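I opened the model to look up its surface patch and its ring contacts. My entries follow.

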Amino acid sequence: MSVAMIGDNAVPYVYAVTINREIIGDEARTVGGKLRRDVVAIKHSWRLQTRPMTAAEAAPLTDYIEGLFGGTTTFVLKGTSYTAFVDIEDEEFVQFGRDGVWHNDGRQLTLTIREQ
């Protein structure tokens, strides 16, 4: 099973996930200097990096993300589901070997996902 899913597409060969949290709210200091916060929500963003994969392995995922035209989709990370915006931050063309076969058509992806 894949670590991450975008829509119905598994994200193959994920090797690094960076998680950030954004506090949605307001904060200010009182006259006495004490910090006060009014937090409404905490929203997550993720940066996923993949190892090299063939163009055929990458195509369903990249085609799906491009087909969203900036809209939201379901993002699942380790069994937890979110509604999120997904962007292809970087698509690198690489050559690599796997299982004794050399691939000249490799892709290595960096994806940015932001919770709605």
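I took buried as under 20% relative accessible area, exposed as over 50% and partly exposed as in between (1.4 Å probe, protein chains only). By that scale Ile-19 is partly exposed, because its relative accessible area is 38%.

I noted that residues are numbered from 1 along each chain as its sequence is written, and that side-chain values use heavy atoms, without hydrogens and water. The model is predicted: local features need pLDDT of at least 70, side-chain atom pairs count only at pLDDT 80 or more, and totals for chains, interfaces and linings use all residues.

I placed Ile-19 in strand β3, residues 14-29 (strands are DSSP runs of E, at least two residues, numbered from the N terminus). With Val-3 and Val-17, Ile-19 forms a nonpolar surface patch of about 190 Å² accessible area together.

Next I looked up ring pairs (Phe, Tyr and the six-membered ring of Trp, centres within 6.5 Å; planes under 30 degrees apart are stacked, over 60 edge-to-face, the rest tilted). The structure holds three aromatic pairs. Trp-46 and Phe-75 make a tilted one, 4.9 Å centre to centre with 50° between the planes. Trp-46 is in strand β4 (residues 35-50) and Phe-75 in strand β6 (residues 72-77), so this pair ties together parts 29 residues apart in sequence. I found both Trp-46 and Phe-75 buried.

The ring centres of Trp-46 and Tyr-82 are 4.7 Å apart with planes at 55°, so that pair is tilted. Tyr-82 sits in strand β7 (residues 80-98), 36 residues from Trp-46. Ring pairs link Trp-46, Phe-75 and Tyr-82 into a cluster.

Conventions
Patch = residues over 30% accessible without salt bridge, like charges linked within 9 Å, V, L, I, M, F, W, Y side chains within 5 Å. Areas by Shrake-Rupley, 256 points an atom, 1.4 Å probe, with all protein chains shown as cover. Salt bridge = Lys/Arg side-chain N within 4 Å of Asp/Glu carboxyl O. Helix = DSSP H or I, 4+ residues; strand = E, 2+ residues; numbered from the N terminus.
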